[in-house]
Every structure is written in structure tokens, then in C-alpha cells.
Protein chains: 2
Amino acid sequence: MIRVILLGSGNVAFHLEKAFKQKKNIELIQRYRRDGKNDDLFDPSIPKTIYLNELKKADVYIIAISDDHISNFSEQLKFKEGLVVHTSGSVPINQLKCTAHKGVFYPLQTFSKDKIMDFTSIPICLETEFSKDMILLKTLADTISDHVYKIDSSQREKLHIAAVFANNFSNHMFKIAKDICDNNHVSFDLLAPLIFNTVNNLKFIDPTDAQTGPAKRNDQKVIQKHLHQLKGDQKELYALISKSIIKYYQKD
Amino acid sequence: MIRVILLGSGNVAFHLEKAFKQKKNIELIQRYRRDGKNDDLFDPSIPKTIYLNELKKADVYIIAISDDHISNFSEQLKFKEGLVVHTSGSVPINQLKCTAHKGVFYPLQTFSKDKIMDFTSIPICLETEFSKDMILLKTLADTISDHVYKIDSSQREKLHIAAVFANNFSNHMFKIAKDICDNNHVSFDLLAPLIFNTVNNLKFIDPTDAQTGPAKRNDQKVIQKHLHQLKGDQKELYALISKSIIKYYQKD
């Protein structure tokens, strides 16, 4: 039985609580949070506290708070036993300033409280200072996910940058596409099959090979015609992304 | 029974032939192509020709050739009866220079000969000069797709630009993410659930509301840290796309 304490009241804490509490070999013994703001969203049967000196003894303490506060917050954890992990993609392990052993337990997914997540398909990236701690953390992660990876701080930072491109930036492309549709009284639904096809292709084809369109063909006639109809951000982005695509495929 | 002649031997012609030939109310009476290069990929039972003066009489002539050649090619079609349509997203209807009635039959999808497509889910955008022709073209489109839209040349051009963002540019974001993973010996598979989640969200949430990440939060600490680790195209793109995201969400 692994005794776990969650520290936080945000989206990650919310989903971790849900994932852990169904598991037989995990005991969620306590949740710490700064205040009771989101308490109604959490399981009332799990003991909670707003005082760090009331923290119980656990095997793993999971800090699920915003990146900026991890370092300062961890400094207040004065106990020496147990393993303290954070859940951030962009904070190195050495930003943890606690006295206990340190680790990282980073679920690579965007969480929203409105949406139930199937944790088994979410990759969890682990890092520890000591191999014994890795065994414990891996046991914990394996109980909720089928995709557990050992990733060091430097790799995790790169992975986070890659995730910004794959997730945030692609979403911004969808947002611009929707804006263009809305402004021209065309339903964004028309683009849905195209988008699903693009993403479905990733299962079978390297995105490098899946590229199509005017920039891939370096079709300046179409590119210039499109640029002529765009302005502001959309025009700048169209020009720069097309330039980047052309450069990649001209190289080959 | 609608008699159809396909003109072309590329991906669109290939998939249209497959979609049409199963339909009872459509008769594919002939296929024209410049040369016999791809003939082995097409149905041998459908008569074919390389001579335009051998074209039979049809209700609809579907030009499925590359955008650049549509105008010149259509000029060679000297008959007056029937409806001549092209299948391009970026060519206005008035670029058809044939003597017969003109129209557009634009399936909004990226086609590859390697992949079987379910045409019923592919949106088809139609345009004609005359409402009678629209009835015919809609009947034709309805037999193969459940998503048929009337879209004029100006809307179609904007839709094509939106599709470049939604499809080509988002794919480039995936490509860059994969490059970053590859260069840091991290599996691109780690990002798959995140990507599928982002796209799945589009079914329920406007991409404007679905945005997350450092740029959305205008988290300059993370943004600068990421920029510091990037160079070249990737750095330029990260900076410009982040700037654009920040601008959108600061406005609200």
C-alpha cells in the first residue's frame, strides 16, 4: 500500500485524486491546500488541511500547484522522510527545495475539471534522484497509467517545448482557421474531417511525410494570393510558417 | 442516372472514381488523362482516352488536375452541352474557360492514393452559375457525401486559407514537435494523447476556449526559457505564435 498526500487544489490535483482513489494499492491519506476554495470539487471523505505542520507521514507527497510556486512552497516542507515530487513539465527536479528525497511525477496532458480523463492512456514522466525512489514512483504511476516513462529534467524541458508546439500552437492554428471561417460565414464544421484526418495520419505517417499544401509545393502563386487576403497576425504567421515549411522541404 | 466523365489521373480523380463507381445512379462513362502513367491504379473497366476530341457526351465533366492547369485545360473543352466542374479549393469558377456551363465540385480533404477514404464524411463544396446546374451537382454530391455545402468562390478561397492553417500549419507544428523529440531521444509517442485530446476537444469546445499553455497565461518566464533553448526557424515560430496568442488573450 502506497500512502499518498496530494498538495494542491487545481486541475492536476483534481484528476490525480480521482485516479488514485479507485486503486486498491494506493491510500490517499490527506490533501493539503492553501484554502478551501475548490473543496466542493474534491472527495469529502479524504482528510484535508490548510496547515503544513499538520501533514501526516506518507510515502509520496505530490505537489500539484502552479510552476512558479513550486520552489518556494517546497522549501516549507521540513520533514526528511518520504518522497516529495512535483507534477510540472517545465520545473527541473533541483527546484524542489525540501529536505526529503525529490522526484518528478509529470502527467503529460492538459487537464480541465469539466472533463473526465482516462488516466490509463496519459503518459507519466518520472524522475528521481535515487533508484530506490524510482521503483516506488514507478509502482505508483503504473497503477494509474499504461504509459510510464523515465525522463530526466533536461529531456522533460525539451518535451515541454515540443508539447507547446504540438498542443498550444496547433490549437492556435485551429483558432485562426475558425476565425477566418466565422468572418466569412462558413461553418468551421467543414474543416473538421480535414483536421481529424491530419491527426489520425500521425498514427501511421511521420508528420514530415504527411505535409501537403501550397508551402510544401512552394506554390508561390497560391501563397501570394493567400497573403494578399490576410492582414495583421494572420498574415505574419502565414508568411513565417510557409517560409519554414518551404525551407524544410526544399532541403530534401 | 447521371453520366460522369473524370478528367485527370491524380489523387482526387482516383478517389472520385472509387466513390462513384459503387453508386447505382451514377455512370462513370469515361476517363480522360494526358497519358497512361497511373492507369494501373484505376478501374480498367472504365473506358479511357488521351484525346479530348474522343470525349463522350456526359452530364458532368469533372476536371481533377492541378490548379495551375485548370484554366488552360478548360479552354480546350469546346462542347456546349453538359456541366464542366473543377475540384480545386483555390481556383475561382470564372477561371474555367470552357464553352459549357461551369461549376465547382470541391471535396475538402487531403487525398493520398495509399489511403482508402470514406467519402460520406468528406464535405463537398459546390458552386454553379445556374440554379438548375446546382440541383444536378447537389444530386451527384449527395450520392457520395453526407456533407454537401453551397459555397461561392470568394468563400471557398477563404475556406482554403483556413484549411491551410487547420491542416498544413498544424501538421508543421506536429513536425517541429517530433523534431524536438527526436533530437532529445524522447519518443514522439509521448505527445500522442495530448494531440488527440486537443483535436477531440474541437468537437465540444471552441479552440479559443480550449487554449492553454505559457503564451495563453502570458508566462514570460517559461516563454523566455523556451526561446533560449530554441534557434533558427523553431525560435522565430515560437516567438511569433506566442506573440499572437498573447495578443488574442490579452484583448479579452
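Two strands are taken to pair if DSSP finds at least two bridges between them. The model discussed here is predicted.

Q: What makes β3 and β8 of chain A edge strands?
A: The open sheet of chain A has 8 strands in the order β3-β2-β1-β4-β5-β6-β7-β8, with mixed pairing. In that sheet, β3 (48-49) and β8 (148-150) of chain A each pair on one side only, and they are the edge strands.

Q: Why is A:K115 called partly exposed?
A: A residue is buried with 20 or more other C-beta atoms within 10 Å of its own, and exposed with 12 or fewer. A:K115 has 14 such atoms within 10 Å, and therefore falls in between, as partly exposed.

Q: Where does A:K115 lie, and how far is it from A:L6 in space?
A: A:K115 is in the loop between β6 (101-107) and β7 (124-128) of chain A. From A:L6 it is 20 Å away, C-alpha to C-alpha, and 109 residues away in sequence.

Q: Why is α4(A) called roughly parallel to α5(B)?
A: Helix α4 (residues 153-183) of chain A packs against helix α5 (residues 192-201) of chain B at an angle of about 5 degrees, with 9 Å between their axes. Angles under 35 degrees count as roughly parallel, so α4(A) is described in that way relative to α5(B).

Q: Which residues bring α4(A) and α5(B) together, and how many are charged?
A: From α4(A), A:A163, A:A166, A:N167, A:S170 and A:N171 meet B:L194, B:I195 and B:T198 of α5(B). By class, this contact has 4 nonpolar, 4 polar and no charged residues.

Q: What makes up the side of chain B that touches chain A?
A: In chain B, 67 residues are in contact with 67 residues of chain A. The elements giving two or more residues to this side of chain B are α4 (153-183), α5, α6 (207-210), α7 (220-229) and α8 (232-251). The largest share, 23 residues, comes from α4(B). By class, this side of chain B has 39 nonpolar, 20 polar and 8 charged residues.

Conventions:
Residues numbered from 1 in each chain as written. Chains lettered and ligands numbered in written order. Predicted model: local features only at pLDDT ≥ 70, side-chain atom pairs only at ≥ 80, totals over all residues. Axes fitted to C-alpha atoms, helices over the stretch in contact; angles between N-to-C directions. Helix = DSSP H or I, 4+ residues; strand = E, 2+ residues; numbered from the N terminus. Parallel < 35°, antiparallel > 145°, perpendicular 65-115°, else oblique. Contact = placed C-beta atoms within 7 Å. Nonpolar A, V, L, I, M, F, W, Y, C, P; charged D, E, K, R; others polar.
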